[in-house]
Amino acid sequence: ETGVTQSPTHLIKTRGQQVTLRCSSQSGHNTVSWYQQALGQGPQFIFQYYREEENGRGNFPPRFSGLQFPNYSSELNVNALELDDSALYLCASSFSASGSYEQYFGPGTRLTVT
Amino acid sequence: QQQVKQSPQSLIVQKGGISIINCAYENTAFDYFPWYQQFPGKGPALLIAIRPDVSEKKEGRFTISFNKSAKQFSLHIMDSQPGDSATYFCAAQNSGGGADGLTFGKGTHLIIQP
């Protein structure tokens, strides 16, 4: 069974640029959620994708957007990067958007905005 | 508004002792309460989870105690080992909402002294 994988591991961007982060869900999982974890804090929910559509969103502005593909992998896009976007971005997959809530996290992508 | 409050922020326990971490929540719609363990540079790993229809759940050395009326739940690690040294996060979710995502506490940095 393949776990959740994310790429790249680390990324350095300049303020104002755009970034795309990628996630492959665990085998058998069809739902992907994205979280932002600032240093020393707990993860914060960005949004969730199920059946290739966003079906839930936390308190993040529209410049955070995403995609889910037919193979259930997902992308997180962040436009107009700000210094406060520097964080560990975590992807979590689960079997379904409802019924089972066991979310399994990937190792994360460390984004640094300078 | 912090919906899940976690304490203590840091904890030092002797090897073989019991580690206890507490969380309190505000949203009565929450009905799924997992605990995650995170090592430096890694994503959170699901340890154990509970739903409010039971007051306690045990898996190996890890036990969750749940008090629905007080809106509190706690993690007990029995026979704590140096390998348990990590950051622990409690979380909560409204399963009826489906796409609300997990709401995390701020984490507890646990150190087990040999």
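Are W35(B) and F73(B) buried or exposed? W35(B) is buried, and F73(B) is buried too. Keep in mind that this is a predicted model.

**Chain A as a whole**

- Along the principal axes, the C-alpha atoms of chain A fill a box of roughly 40 × 25 × 25 Å.
- Of the 114 residues in chain A, 50% are buried.
- Take the contacts in chain A between residues at least 6 apart in sequence: 54% of them join residues at least 24 apart.

- Chain A has an accessible surface of about 5400 Å², and carbon and sulfur atoms account for 47% of it.

**Aromatic rings**

- Over all chains, the structure holds 17 aromatic pairs.
- One of them is the edge-to-face pair of F105(A) and Y36(B), at 5.2 Å centre to centre and with 90° between the planes.
- This pair crosses between chains: F105(A) sits in strand β10 (residues 104–105) of chain A, and Y36(B) sits in strand β4 (residues 33–38) of chain B.
- F105(A) counts as buried because its relative accessible area is 11%, under the 20% cut-off.
- Y36(B) is also buried, with a relative accessible area of 0%.
- W35(B) and F73(B) form another edge-to-face aromatic pair, with 5.7 Å centre to centre and 70° between the planes.
- That pair links distant parts of the chain, with W35(B) in strand β4 of chain B and F73(B) in strand β8 (residues 72–77) of chain B, 38 residues apart.
- One aromatic cluster is formed by Y35(A), F45(A), F105(A), Y36(B), F89(B) and F104(B).

**A loop residue to look at**

- A38(A) lies in the loop between β4 (31–37) and β5 (44–50) of chain A.
- With a relative accessible area of 33%, A38(A) is partly exposed, because that class runs between 20% and 50%.
- A38(A) and L88(A) are 50 residues apart in sequence, and their C-alpha atoms are 6.3 Å apart in space.

Technical notes
Residues are numbered from 1 along each chain as its sequence is written. Chains are lettered from A and ligands numbered from 1 in the order in which they are written. This is a predicted model: local features need pLDDT of at least 70, side-chain atom pairs count only at pLDDT 80 or more; totals for chains, interfaces and linings use all residues. Side-chain values use heavy atoms; hydrogens and water are left out. Helices (H or I, at least four residues) and strands (E, at least two) are DSSP runs, numbered from the N terminus. Buried means under 20% relative accessible area, exposed over 50%, partly exposed in between (1.4 Å probe, protein chains only). Rings of Phe, Tyr and Trp (its six-membered ring) pair if their centres lie within 6.5 Å; planes under 30 degrees apart count as stacked, over 60 as edge-to-face and the rest as tilted. Contact means heavy atoms within 4.5 Å. Accessible areas come from the Shrake-Rupley method with a 1.4 Å probe; for residues, only the protein chains shown count as cover.
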